[in-house]
Amino acid sequence: MAYLSMGEAHRRISDYLNRFYDSVSSQDGSSLRQLLSVSSDSPHLLSLADALNVFQDANRLIKQADRYSQLGEIIAPLFRCLQNYRIGHLVDAYNAFEKSANAFLLEFRNWESAWAMEPLYVIAYEIRVLAEKADRELASYGKNPEKLKGAGSFLMKVFGALAGKGPKRVGALHVTCQLFKIYFKLGTVNLCRSAIRSIETARIFDFEEFPVRDKVTYMYYTGRLEVFNENFIAADKKLTYALMHCNPRREENIRMILKYLIPVKLSIGILPKSWLLDKYNLIEYNDVVQALKRGDLRLLRHALQEHEDRFLRSSVYLVLEKLELQVYQRLIKKIYISQKQRGPSKAHQIKLDVIVKALKWLEIDMDVDEVECIMAILIYKNLVKGYFAHKSKVAALSKQDPFPKLNGKPINSKGTHKNKNVPSVLGLIIPFFFFNFFVCGGGGG
Amino acid sequence: MNKSRRKARMSSSSTEGKGLQSNASGEAEASKGGSIRGRSLEDEESHRSIESSHVSSTSPSTIGTCTLMCPAGERVQREHLRDLSVFERLNGHPGKTSPSLAVKKFCRTMSTKHVQESDVRPLPVLRDTLCYLLNLLDSSEQPFEVVHDFVFDRTRSIRQDLSMQNIVNDEAIHMYEEMVKFHIVSHHKLLCCNCNVNISSMYYLNLEQLRKSLSSLYGMYDANRKSSTISKNESEFRSFYVLLHLGSNSQSVRLASPILKSKELCFTRKVLRSFRLGNYYCFFNTIAAESSYLQYCLMEPCINELRILVVSCINYGGYTLSPYPLAQLSKLLRMKESDMKSLCIACGLEISTNEAGNKFLPTKQTTFHPPKGGFQNYSFLGLERLQRHTRVDDSRTTNQAS
């Protein structure tokens with residue numbers, strides 16, 4: 001580092017103080033926000049941090065002039081944060097930032113208009129990022145990583161400050177999304193529930209008033225929660241909303257949405273086109289889709305094994321595992337079709353031994369009792385229409401529509417048996433552009 | 001199992017006394033590897049409760065000096081109040097106890113600030129206390145739920161003392177493992193006597209503490225992890241959480257790669273997969289072949305749930321002219337044929353018998369309904385070999401309100 005004189009250090013600090021005070025007194029949110037982004041490594045803040053480390057007595061400067069001292073509670077710990085961040089003391093940096101953030105929130109409550117919303121967003125972002133870094137430092141010393149949890153508590157306070165009738169309420173969704181990011185990172189996703197309840201049931205909030213960007217993020221996270229809970233219809237709705245309203249140029253965001261939407265679509269019998277997987281680099285789904293199209297159980301299992309880490313990390317592994325039932329359906333349908341070609345009169349009777357042989361050909365070892373079990377389940381869940389005869393080890397398929405398509409509805413997990421071949425109304429709402437992403441059903445024939 | 005053997009088992013670990021200055025509970029950060037389903041380990045109550053305390057890494061921990069199972073002050077006070085459990089009474093006297101009988105109670109309202117060191121038991125005393133309590137389970141003549149109630153409360157106090165002293169070493173891990181095992185076996189035994197309303201609430205309280213102890217235990221495993229080695233029993237105890245939540249649509253829990261590849265987790269994932277797909281053939285086969293007794297205890301409710309589903313499934317999809325042989329069905333579901341028949345009847349279905357005396361389940365009956373009246377206690381054929389772990393003598397459980 002080049003030599004920094006006391007004079008120069010003094011100048012930089014005073015300069016920052018002036019800018020801070022000016023932006024607050026003129027209610028200039030976009031100027032103020034630049035002064036708060038600690039982790040951005042902006043040259044301005046880096047050089048300020050160097051100056052602080054040289055000068056060492058910035059508090060005196062703050063107290064000297066009355067006009068700065070009003071904001072001293074915010075700035076003094078912020079300076080400590082910058083200093084610590086600069087020298088890599090991340091836990092101390094976080095602790096200082098938390099103090100500053102709390103002081104900022106106090107002032108924020110007093111400002112009537114929503115002029116400081118952008119700076120508040122920066123603070124919400126920074127506290128999370130700094131907490132994550134602090135936790136990594138704590139973990140490396142064998143200590144308990146608790147800072148991110150603390151950041152979550154702070155954001156709850158921020159939410160409280162925004163949950164009122166005034167103009168500030170428009171920021172509530174943004175803060176909620178930051179909270180979601182924390183809960184997802186910590187694995188405490190059940191805590192999202194109360195945040196969701198506050199947004200969706202409180203009368204002060206009108207969902208449509210929130211900025212699009214925040215709505216997309218919100219639907220992405222709540223959609224992911226629906227995937228965890230295997231509510232596929234709700235997951236489809238929310239993730240599709242996020243997809244439809246996401247800026248098409250933000251390819252990374254689209255990819256993230258598709259990463260969860262695709263397993264959902266697969267679970268309701270809708271397959272993505274291969275160009276979609278290629279375009280957004282979601283090649284891990286290629287084999288899964290092929291397996292569904294071909295009824296290739298071996299390929300599905302192989303795909304799950306090959307990309308196990310990735311699927312486990314995004315928590316879609318269990319959802320994909322359940323696709324086995326649809327693969328069985330496809331396999332049996334292929335047997336049915338080939339039998340039909342050979343002699344249409346006997347096609348609807350399939351010997352369970354034939355299925356055993358077909359699986360053996362796929363290098364899957366299943367005895368006839370297990371095949372009967374699979375058949376019983378497929379019939380029970382309405383993936384196959386017909387019945388099985390235990391004594392003769394034969395499955396008899398219905399002459400009409402023996403392999404009902406899912407058509408946008410999830411497999412019946414409770415085995416209730418009403419007619420389910422009603423097309424989904426939601427399917428009609430999706431605009432043409434996105435409709436082309438997916439094809440219905442399990443392939444031809 | 002005799003006292004000395006259990007004591008020897010528990011003294012096997014090396015360090016004692018001071019542990020690491022780490023938290024004993026809560027969800028750990030994701031380590032490398034994958035995730036598997038189970039409910040999130042974040043327990044909002046644990047924020048406040050002491051037994052899984054969030055003692056920060058900078059606060060000092062108490063070191064207890066109480067040399068008895070129960071601090072003298074509490075012992076005297078409870079004698080006066082005649083607040084003594086039947087196990088603590090000297091010669092059955094409701095107002096007299098002794099140092100070798102009294103065991104410190106769990107105290108909900110205790111806060112770390114006002115605790116005296118002389119009221120907290122150090123690790124060796126806690127170890128001996130736990131030994132004593134677990135031996136009671138085997139040796140007592142009292143009905144099971146009475147013993148359970150006592151051991152439940154007193155082990156909770158042990159966990160509280162461990163937590164206050166921030167002890168998270170190997171020995172603490174071993175003690176938590178023993179306590180988890182206690183909760184699991186109680187989970188099984190209390191389920192069998194759910195007709196009693198009192199026992200039903202005991203069951204849910206036990207379930208809550210089972211979850212909390214598992215949660216704390218996992219925190220300790222993480223705190224004690226040296227490089228990439230896993231604790232001896234960690235895979236088995238990690239599997240418990242997943243098996244406990246087999247039937248629920250819960251969120252993911254992240255597990256390190258070596259754990260996921262362990263024998264216990266492979267078994268668990270296989271069971272989970274078959275259960276979710278409804279592949280009852282694979283489900284029952286896998287359990288019969290590989291399950292431990294404790295794992296079985298955890299899966300029991302789901303096993304029964306799946307049996308009921310299979311009856312419904314066979315009734316729904318079977319051919320009318322091909323009734324399903326009961327012998328075959330009971331073998332598939334690992335049940336005694338008489339139990340199989342009881343289950344079918346409890347589901348509102350009729351059983352037919354042919355001339356040779358063989359029983360069948362006629363299909364397409366319209367009267368199917370899930371059995372009413374709670375849990376049916378059926379055995380699992382092939383797993384009786386595992387039940388030597390603890391006495392299976394359930395005749396001691398009472399079915400009347402006490």
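## Helix 5 of chain B

In this predicted model, helix 5 of chain B covers residues 170-192. Of its 23 residues, 20 are buried, so the helix is largely enclosed by the rest of the structure. Its length can be checked as well: at 1.5 Å a residue, the 23 residues should span 33 Å, and the end C-alpha atoms are 34 Å apart, which agrees.

The loop between helix 4 (144-164) and helix 5 of chain B contains B:Asn166. This residue has a positive phi of about 55 degrees although it is not a glycine. Its relative accessibility is 3%, so B:Asn166 counts as buried.

Helix 6 of chain A, residues 72-86, can be examined in the same manner. Its 15 residues should span 21 Å at 1.5 Å a residue, and its end C-alpha atoms are 21 Å apart, so expectation and model agree. Twelve of the 15 residues are buried, which means that the helix is largely enclosed by the rest of the structure. Among the buried residues are A:Ile74, A:Ile75, A:Leu78, A:Phe79, A:Leu82 and A:Tyr85; A:Gln83 and A:Asn84 are also buried. After this helix comes A:Gly88, whose phi is positive, near 80 degrees.

Helix 12 of chain A comprises residues 212-228. Its 17 residues should span 24 Å at 1.5 Å a residue, and the end C-alpha atoms are 24 Å apart, which agrees. The helix is mostly covered, with 14 of its 17 residues buried. Just after helix 12, A:Glu230 takes a positive phi of about 55 degrees.

## Salt bridges in chain A

Over all chains, a search of the whole structure finds 32 salt bridges. One of them joins the side chains of A:Asp236 and A:Lys265, with an N to O distance of 3.1 Å. A:Asp236 lies in helix 13 (residues 232-245) and A:Lys265 in helix 14 (residues 251-267) of chain A, so the pair ties together parts that are 29 residues apart in sequence. Both partners fall below the cut-off for burial, which is under 20% relative accessible area. A:Asp236 counts as buried because its relative accessibility is 12%, and A:Lys265 counts as buried because its relative accessibility is 3%.

A salt bridge also links A:Glu284 with A:Arg310, whose closest N and O atoms are 3.0 Å apart. A:Glu284 is in the loop between helix 15 (274-279) and helix 16 (286-294) of chain A, while A:Arg310 is in helix 18 (residues 308-313), so this pair ties together parts that are 26 residues apart in sequence.

In another pair, A:Lys385 forms a salt bridge with A:Asp401, and the closest N and O atoms are 4.0 Å apart. A:Lys385 belongs to the loop between helix 22 (368-380) and strand 3 (386-389) of chain A, and A:Asp401 to the loop between strand 4 (394-397) and helix 23 (426-429), so the pair ties together parts that are 16 residues apart in sequence. A:Lys385 is partly exposed, with a relative accessible area of 30%, and A:Asp401 is partly exposed, with a value of 37%.

## A network in chain B

In chain B, salt bridges link several residues in a network. Its members are B:Glu74, B:Arg78, B:Glu88, B:Asp153 and B:Arg154.

## A charged patch and a loop residue in chain A

A:Lys346, A:Lys351, A:Lys357 and A:Lys360 form a positive surface patch. Of these, A:Lys360 is placed in helix 21 (residues 352-361) of chain A.

The loop between strand 4 and helix 23 of chain A holds A:Asn407. Although A:Asn407 is not a glycine, it has a positive phi of about 50 degrees. Its relative accessibility of 31% means that A:Asn407 counts as partly exposed.

## A distance within chain B

B:Cys282 lies in helix 10 (residues 280-290) of chain B. With a relative accessibility of 18%, B:Cys282 counts as buried, because the cut-off for this class is under 20%. The C-alpha atoms of B:Cys282 and B:Asn169 are separated by 39 Å, and the two residues are 113 residues apart along the chain.

Conventions: Residues are numbered from 1 along each chain as its sequence is written. Chains are lettered from A and ligands numbered from 1 in the order in which they are written. This is a predicted model: local features need pLDDT of at least 70, side-chain atom pairs count only at pLDDT 80 or more; totals for chains, interfaces and linings use all residues. Side-chain values use heavy atoms; hydrogens and water are left out. Patches are made of residues with over 30% relative accessible area and no salt bridge: like charges are joined within 9 Å, nonpolar side chains (Val, Leu, Ile, Met, Phe, Trp, Tyr) within 5 Å. Accessible areas come from the Shrake-Rupley method with a 1.4 Å probe; for residues, only the protein chains shown count as cover. Lys and Arg count as positive and Asp and Glu as negative; His and the chain ends are not counted. The place of a charge is taken as NZ of Lys, CZ of Arg, CG of Asp or CD of Glu. Helices (H or I, at least four residues) and strands (E, at least two) are DSSP runs, numbered from the N terminus. The expected span of a helix is 1.5 Å times one less than its number of residues. Buried means under 20% relative accessible area, exposed over 50%, partly exposed in between (1.4 Å probe, protein chains only).
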